[in-house]
Amino acid sequence: MESPQLGFANEQLSLDRLNLKVSPTESFGTVFRQNFDEPAPSEDYNKPKNDRAYAIAKKWGLTIRLKQDLSVQVLEGRDIISGGKRKTTANSLCKVKLGKQKVKTIVQKKTTDPVWNQYGHISVSTNNLDKKLDVQVLHKTKLGGTKKLGRGEVNLLGLNLEKENDLWVEIMPSKQFDHSETKLGFKHTAQLESSNGEVHLKLQFAPPTIDSFLFDLQILPNSVKMTDIKGAEFIIDGKMGVGANLWVMRKPDSTPLVVIKRNIVLSTFELYEPDLSRDDPTDVEKKRCRMMLVPETIGKTMEVVMAGTVGEASSSGKFAKIKNNKMKAAKDKRTLAWLHPGKEMLDNTASVEVTAFDERFIYYLAAVTMNHVFFAL
């Protein structure tokens with residue numbers, strides 16, 4: 001029986017790879033929750049966070065996104081030479097990269113068989129599991145610079161999730177790789193030279209843990225639509241023009257969840273709980289502002305204030321800051337939510353990720369989305 005596939009477009013993650021037994025009718029979040037329904041030991045500090053994530057998933061019909069830590073041991077190399085005309089021993093170091101994450105070794109001098117024994121971690125989630133580890137070997141020059149000797153790659157989808165993966169990675173000259181990365185790794189060109197040695201790695205996955213909720217973002221003329229992996233949606237209705245000053249966030253065919261008002265003079269966004277006791281739920285005169293976005297004078301940055309008016313936005317009221325499409329808590333700098341824009345600010349390839357699991361969930365989602373829309377217009 002095939003397991004359902006999860007992800008956006010090229011993101012493919014089989015439930016089999018997370019060791020979860022599931023029938024096609026069961027949801028990912030439901031199955032994963034079964035692993036945590038057992039009474040947790042007192043040292044399980046993640047349980048409160050997991051419980052909150054499950055509560056959000058159940059309340060809004062969302063799918064929980066997972067991640068796994070991959071431990072990386074870079075043990076040794078063999079037959080590594082410096083390249084060039086003389087092809088002598090190398091002062092070599094090794095880098096193992098996945099996107100912006102990397103594990104880097106120290107330099108071992110004047111040897112063809114360096115022993116590094118370096119250890120590190122790389123986080124693997126549903127949006128990078130289909131990529132490949134980039135294994136690079138470099139030579140440290142006498143002037144302190146580095147020269148690439150070659151590179152290899154490891155297909156994450158080919159690794160065993162339950163056991164340690166002990167493997168030697170062949171290192172080919174760098175010019176044998178087309179340097180334009182794709183979702184599936186590096187494109188190979190024709191064979192130009194022989195191998196430049198091998199690197200010995202040991203790779204092992206930790207059990208999966210809860211990561212975030214992820215939404216595909218689509219900006220339309222009179223609304224913004226956020227859709228998760230299994231099709232659950234949130235919609236923000238309201239014109240996206242410069243003069244617009246009122247939006248409503250809701251689930252399709254449901255009552256309002258958040259009312260968003262823009263103060264044109266101060267350029268602030270005020271997020272309210274709708275007043276469902278009124279004929280017009282967007283009439284929030286008697287409701288206290290739950291969250292406020294206050295733009296800073298310089299740069300595309302918003303201060304996030306949890307309640308009150310701009311005049312009450314003291315340092316104690318500043319809850320978070322949105323900068324470079326990422327919302328971080330003011331107190332501990334942890335990421336609450338962030339938006340990954342596409343190549344064009346208003347194209348349909350953007351995505352929104354919420355990593356904080358509490359009662360403010362829909363406010364985080366609304367805030368980071370409206371911040372993006374505000375600066376894109």
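Predicted model: local features only at pLDDT ≥ 70, side-chain atom pairs only at ≥ 80, totals over all residues.
Q: What percentage of the residues in the protein chain is buried?
A: Buried means under 20% relative accessible area, exposed over 50%, and partly exposed in between (1.4 Å probe, protein chains only). Of the 377 residues in the protein chain, 48% are buried.

Q: What span should helix 2 have, and how far apart are its end C-alpha atoms?
A: You take 1.5 Å times one less than the number of residues. Helix 2 (residues 47–60) has 14 residues and should span 20 Å; its end C-alpha atoms are 20 Å apart, so the two agree.

Q: Which residues of helix 2 are buried?
A: Asn50, Ala53, Tyr54, Ile56, Ala57 and Trp60 are. Looking down the axis of helix 2, these buried residues fall within an arc of 160 degrees (taken from the directions from the helix axis to the C-beta atoms), so they line one face of the helix. The face turned away from the buried side carries the exposed residues Lys58 and Lys59. Just after helix 2, glycine 61 takes a positive phi of about 70 degrees.

Q: How many aromatic pairs does the count come to?
A: Rings of Phe, Tyr and Trp (its six-membered ring) pair if their centres lie within 6.5 Å; planes under 30 degrees apart count as stacked, over 60 as edge-to-face and the rest as tilted. The count comes to eight aromatic pairs. One of them is phenylalanine 215 with phenylalanine 361, a tilted pair at 6.4 Å centre to centre and 45 degrees between the planes. This pair links distant parts of the chain, 146 residues apart: phenylalanine 215 sits in strand 14 (residues 209–220) and phenylalanine 361 in helix 3 (residues 361–376). Phenylalanine 215 is buried at 0% relative accessible area, and phenylalanine 361 is buried at 1%. Both belong to one aromatic cluster made up of Trp60, Phe213, Phe215, Phe234, Phe357 and Phe361.

Q: Where is asparagine 325?
A: Look in the loop between strand 22 (318–323) and strand 23 (326–329). With a relative accessible area of 15%, asparagine 325 is buried. Contact means heavy atoms within 4.5 Å. Leaving out residues up to four places away in sequence, asparagine 325 touches Ala337, Trp338, Leu339, Pro341, Val368, Asn371 and His372.

Q: How many disulfides does a search of the whole structure find?
A: A disulfide is a pair of cysteine sulfur atoms within 2.5 Å. The search finds zero. Cysteine 94 is buried at 0% relative accessibility, and cysteine 289 is buried at 6%.

Methods
Residues numbered from 1 in each chain as written. Heavy atoms only, no water. Helix = DSSP H or I, 4+ residues; strand = E, 2+ residues; numbered from the N terminus.
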